[in-house]
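Subject: Handing over the structure

Hello,

I am passing the structure on to you, with the sequence and the 3D view just below.

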Amino acid sequence: MGLLPADPSVAVQNKLNLRILQDFSGSNGSLEKGSHLLGGTSYPGDRSNTDHQGHSFKHQEAEEKIVWADRSKLAALFDHPLYKIPTPAVMAKDKLFATNAKAKFQLKSSRSDEWVSGSMADMALLTKQMSKDAYPPWLQFNTGINRYELYGRHDPTRHALLEDLATQQIVSSVQKPGGTQLKIIMTFPNKGKALFKPMKQTRDQETPADFFYFSDFERHNAEIAAFHLDRILDFRRIPPVSGRLVNIAKDIRDITTDLKLLKTFFISPVGNVCFYGVCSYYCSTEHALCGKPDLLEGSMAALLPGEKLAKRHSWRSPWRRSYSKTKKAEWELNQNYCTQVRQTPPYDQTSRLLNLIDMTVLDFLMGNMDRHHYETFEKFGNDTFLLHLDNGRGFGRHSHDEMSILVPLQQCCIIKKSTFSRLQLLATELYRLSDVMRESLATDRLSPVLSEPHLKALDRRLQKVLAVVKSCLRNGEEKGVLLDDQGRQQAVTTSEQEKETSSAA
């Protein structure tokens with residue numbers, strides 16, 4: 001019982017885990033105990049070179065660097081206790097699709113390629129039946145969605161789905177209707193679908209400073225990077241996205257039934273296959289997308305269940321920008337704007353506002369100014385996560401940090417304690433955000449997904465998020481700024497379990 005671990009890396013992990021968890025515990029003085037985690041950002045009363053018992057960290061940090069030199073930072077991050085905090089138990093009513101163990105889903109042969117439950121079998125021509133363990137990855141992903149997350153932390157379906165997105169044969173390609181820029185819906189033989197966004201900028205190109213946010217390009221690599229960042233932050237609110245090299249002749253032009261899209265294909269003067277589609281922005285010969293000679297990079301995002309199966313509610317963000325070249329939004333003029341927001345449903349429920357702050361942190365780290373709306377699944381009402389969709393305008397300018405994105409956090413001065421603790425962890429050298437992002441993105445087939453300046457910008461912006469929270473803590477009490485979301489979730493889960501037990505009895 002009293003023996004030290006045989007592996008020195010275990011001892012190092014345990015020391016760091018203890019310090020992080022002391023901060024997460026909510027005990028008195030927790031900020032002081034965990035303040036050294038901020039890596040250059042300290043709190044009032046911080047003793048940056050010593051722990052709360054006055055011991056020097058200098059020798060210990062050197063020891064940790066040696067022990068961890070050859071270890072995967074990403075694996076260590078996901079093995080950390082902060083990434084093992086249990087999610088609430090999922091009750092039947094918390095599942096997007098509640099089915100019993102014997103239920104089967106069928107794939108119907110139709111242009112919509114929707115999947116339907118057995119109770120709708122008489123409404124469709126069925127071509128195949130399968131048990132749940134035989135579902136293709138996209139169907140496993142869809143049926144695994146619940147009130148708290150799109151996919152589990154260690155759900156093997158994610159790996160299989162990413163592989164399908166990158167390698168499955170493409171049997172259909174049609175342009176997605178609506179939207180300001182070109183997007184294509186692609187279908188696989190197993191009836192899975194993906195949203196393809198083609199490459200419009202190279203890795204080293206920055207969005208010109210004179211561009212308005214609403215006329216910026218949508219970048220394929222931003223969609224890929226956003227998925228990885230969302231997972232590293234432990235949100236898991238972006239559907240899986242994989243990079244893919246697509247043959248735009250064989251996989252789009254030659255198989256599409258979309259005549260409007262087909263008419264936009266042409267051969268360039270140097271013999272490359274090009275097209276531009278039909279949309280509001282950048283769909284013209286001057287902005288054509290060209291292969292080399294027919295291969296083009298793009299992002300492939302797993303699609304969520306269709307609206308007929310799982311309705312989603314679209315919410316206008318309270319901090320939506322004006323989308324005007326001259327006008328400012330109300331939140332830009334009123335520093336007390338959050339007080340007004342917190343009196344308006346659904347933001348009078350703290351959980352909704354905390355989820356919006358999570359999204360704010362994600363957007364700031366990416367530099368995404370284009371979050372005008374967000375969505376939730378209608379089935380779960382107001383007590384659920386926000387879907388972090390459409391992230392193509394992130395990662396545009398690595399040389400600029402757009403502080404206005406952080407205004408919701410600055411004005412409301414609240415954040416989930418779990419989110420804040422993970423941000424602290426990602427600011428330490430052993431779990432540095434840029435390092436774990438680099439490692440995570442290296443698994444994508446289009447690696448490197450982000451240029452080094454964009455990765456370095458993540459570390460710089462993370463320090464600015466922590467600095468805003470520091471300012472909030474200086475001006476208010478810790479319990480009013482750092483909200484214990486885990487304690488609330490556990491209480492709700494216990495209550496729901498008791499209700500289900502009593503009803504069953």
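With a relative accessibility of 38%, Asp390 counts as partly exposed, because that class lies between the limits of 20% and 50%. Please keep in mind throughout that this is a predicted model. Asp390 belongs to the loop that runs between strand S13 (373–377) and helix H12 (407–412), and it has a positive phi of about 60 degrees although it is not a glycine. Most residues other than glycine have a negative phi, and most peptide bonds are trans.

Asp234 is another residue that has a positive phi without being a glycine, in this case of about 70 degrees, and its place is in the loop between helix H7 (220–232) and strand S7 (241–247). Is Asp234 buried or exposed? Its relative accessibility is 10%, and it therefore counts as buried, since the limit for that class is under 20%.

Two peptide bonds also deserve a careful look. The bond from Lys292 to Pro293 is cis, with omega near -20 degrees, and Pro293 sits in the loop between S10 and strand S11 (295–302). Pro345 and Pro346 are likewise joined by a cis peptide bond, with omega at about 0 degrees, and Pro346 is found in the loop between helix H10 (337–341) and H11.

Turning to the strands, S10 takes part in an open sheet of three strands, in the order S8-S9-S10, with antiparallel pairing. Strand S8 (266–267) and strand S10 (289–290) are the edge strands, each of which pairs on one side only. Strand S9 (residues 273–275) is joined to S10 by two bridges, and Cys274 has Cys290 in S10 as its bridge partner.

Strand S5 (residues 184–187) is joined by four bridges to strand S4 (residues 172–175), running antiparallel to it, and here Ser172 stands opposite Thr187 in S5. Four bridges also join S5 to strand S6 (residues 193–198), again antiparallel, with Met186 opposite Ala194 in S6. S5 and S6 form a hairpin with five residues between them, and in the turn Lys191 has a positive phi of about 75 degrees. Along S5, Ile184 and Met186 point one way while Ile185 and Thr187 point the other way, and all of them are buried.

Which residues have the most contacts inside the largest nonpolar core? They are Leu229, Ile252, Phe275, Phe377, Leu433 and Met437, in a core that has 95 residues. Helix H15 (residues 452–475) gives the most to this core, with nine residues. Apart from this core lies another one of 18 residues, including Tyr337, Leu353, Tyr374 and Leu386.

The largest cavity has a volume of about 170 Å³, and of the 15 residues that line it, Trp319, Asp363, Arg371, Ile405 and Pro408 are the closest to its centre. Helix H11 (residues 350–366) gives the most to the lining of the largest cavity, with four residues, and by class this lining has seven nonpolar, four polar and four charged residues.

With best wishes

Definitions and conventions. Residues numbered from 1 in each chain as written. Predicted model: local features only at pLDDT ≥ 70, side-chain atom pairs only at ≥ 80, totals over all residues. Heavy atoms only, no water. Core = buried A, V, L, I, M, F, W, Y, C linked by side-chain atoms within 4.5 Å. Buried < 20%, exposed > 50% of the residue type's maximum accessible area, 1.4 Å probe, protein only. 1 Å grid on protein atoms, 1.4 Å probe; cavity = no way out; pocket = protein on both sides within 12 Å on 5 of 7 lines; lining within 4 Å. Points joined across faces, edges and corners; volume = space filled by probe spheres on them. Nonpolar A, V, L, I, M, F, W, Y, C, P; charged D, E, K, R; others polar. Pairing = 2+ DSSP bridges.
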